[in-house]
Amino acid sequence: MLKDYKFDLKKKKIWVAGHNGMVGKAILEKLKNRKLSVLTVKKNDLDLTNQNQTFNWIKANSPQVIFIAAAKVGGILTNSLNQFEFLYQNLMIQSNIIRSAAENNVQKLIFLGSSCIYPKEAKQPIKEEALLCKPLEKTNEGYAIAKIAGLKLCSYLFKEHNKDFITVMPTNLYGPNDNFDLKTSHVLAALINKITNAKKYKKESVEIWGTGKPKRDFLYVNDLADAVCYLAENYSSPEPINVGSSREISIKELAEIIAKQIGWKGSFSFNKSMPDGTMLKKLDTTKISKLGWKPKIDIKTGIKETIKEYEKSL
Ligand SMILES: NC(=O)c1ccc[n+]([C@@H]2O[C@H](COP(=O)([O-])OP(=O)(O)OC[C@H]3O[C@@H](n4cnc5c(N)ncnc54)[C@H](OP(=O)(O)O)[C@@H]3O)[C@@H](O)[C@H]2O)c1
């Protein structure tokens, strides 16, 4: 990592790829709040899996900074049933953008990895060095292999071609514009959906898979957007950097907070025939803390905002 490194986003032409997704929207909002100049393009006008289209768009629009928030993303079920699509589409999207960026003199590129690409049995809390130290989780292997390839493309370009292309590794995210579809969503959004329905249809109980005891680390998406902008300006290294909340919460506690915020007074049943997965999954955030960044939004406030946005969308 370069000592005393600074990169100023001001006066730069910035492209947020995937600006319509949960993360992309939050990054776009953050940059616009700072009155920075941001390019966006709709998926209908630019399919990022298409190499020529992507290269030509980057050449014609000449962004100086790129945030890659475009990806094929999904929960455990969709991931495990569609490994080919998760591997293929992510490989294409990221490779097209990264190679075109390198060939068109992009000054800074921020690629997003994920905590779920660390090995299944990685020591907790997970340090950046744990990458590739043990076998991957099978259910999202395709997605993880694609993301690791993206990370390595950035890392090799950094080391071999002096490109300031970095990889940020976010923990589980939640917030406005999350995916609340029960078939494809992650746990926090699924709980908001289920508990909202329980209140609406006056159900007395909501089922939770497993014992409710596993602990996870959840970060509000606006905090992630703040972190990636901070890292764009303060981090330059071929090694990835974790972004997490630095706190863990059990699934049961999470469900109780959501129920309280929604105002549902029923009880939870725990389907213990379903697997718990790892009992603790949390990112080690020593590296980003040392750089001077920490999250600002606590879980209760974040959940309150997420429920508000979800209710508006119904
Ligand atoms: N969500 C999490 O908990 C989490 C955790 C860690 C890391 N991340 C990382 O954060 C990034 C963004 O995730 P997200 O949750 O914001 O996902 P998302 O809401 O699904 O957003 C992904 C965006 O990519 C766009 N996209 C997909 N395929 C495209 C293509 N072929 N051409 C152009 N655009 C395309 C989508 O457009 P359409 O909407 O039009 O399909 C969407 O706007 C991903 O790299 C993910 O790995 C997410």
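The following legends describe close-up views of one predicted model. Residues are numbered from 1 along each chain as its sequence is written. In this predicted model, local features need pLDDT of at least 70 and side-chain atom pairs count only at pLDDT 80 or more, while totals for chains, interfaces and linings use all residues.

**View 1. The shell around the ligand.** The ligand is surrounded by 22 residues, and the closest are Gly18, Gly21, Val23, Ala71 and Leu173. A residue is near a molecule if its C-beta atom, placed from the backbone, lies within 6 Å of it. Helix 1 (22–33) and strand 6 (172–174) are the elements that give two or more residues to this shell. Helices (H or I, at least four residues) and strands (E, at least two) are DSSP runs, numbered from the N terminus. Helix 1 provides the largest share of the shell, three residues. By type, the shell holds eleven nonpolar, eight polar and three charged residues. Here Ala, Val, Leu, Ile, Met, Phe, Trp, Tyr, Cys and Pro count as nonpolar, Asp, Glu, Lys and Arg as charged, and the others, Gly among them, as polar.

**View 2. The nonpolar cores.** The largest nonpolar core has 71 residues, of which Ala17, Ile27, Ile66, Ile68, Ile110, Leu224 and Val228 touch the most other members. A nonpolar core is a set of buried Ala, Val, Leu, Ile, Met, Phe, Trp, Tyr and Cys residues joined through C-beta atoms within 7 Å. A residue is buried if 20 or more other C-beta atoms lie within 10 Å of its own, exposed if 12 or fewer, and partly exposed in between, with C-beta atoms placed from the backbone. Helix 7 (residues 221–234) gives the largest share of this core, eight residues. Not counting residues up to four places away in sequence, Leu224 touches Val23, Ala26, Pro170, Leu173, Leu219 and Val243. Two residues are in contact if their C-beta atoms, placed from the backbone, lie within 7 Å. Another core, of eleven residues, lies apart from the largest one, and Phe86, Ala122, Tyr143 and Leu283 are among its members. In soluble globular proteins, nonpolar side chains tend to be buried together.

View 3. The 15 residues of helix 10 (residues 299–313) should span 21 Å at 1.5 Å a residue, and the end C-alpha atoms are 21 Å apart, which agrees. The expected span is 1.5 Å times one less than the number of residues in the helix. Gly302, Ile303 and Thr306 are the buried residues of helix 10. These three cover an arc of only 95 degrees around the axis, so they are on the same side of helix 10. The arc is that of the directions from the helix axis to the C-beta atoms. An α-helix has 3.6 residues a turn, so residues three or four places apart point the same way. The buried residues of helix 10 pack against strand 6, helix 6, strand 9 (218–220) and helix 8 (251–262). On the face turned away from the buried side are the exposed residues Lys300, Thr301, Lys308, Glu311 and Lys312.

**View 4. Helix 6 and its cover.** Helix 6 has 14 residues, which should span 20 Å at 1.5 Å a residue; its end C-alpha atoms are 20 Å apart, in agreement. The buried residues of helix 6 are Leu188, Ala189, Ala190, Leu191, Ile192, Lys194 and Ile195. Among the elements that cover them are strand 6, strand 7 (205–209), strand 9, helix 8 and helix 10. Just after helix 6, Lys202 has a positive phi of about 50 degrees.

View 5. Most residues other than glycine have a negative phi, and most peptide bonds are trans. Gln124 and Pro125 are joined by a cis peptide bond, with omega about -15 degrees. Pro125 belongs to the loop between strand 4 (108–112) and helix 5 (141–161). Ser62 is not a glycine, yet its phi is positive, near 35 degrees. Ser62 sits in the loop between helix 2 (51–61) and strand 3 (65–68), and it counts as exposed because it has 12 C-beta neighbours inside 10 Å. Asn177 also has a positive phi, near 70 degrees. Asn177 is in the loop between strand 6 and helix 6 (187–200), and it counts as partly exposed because it has 17 C-beta neighbours inside 10 Å.
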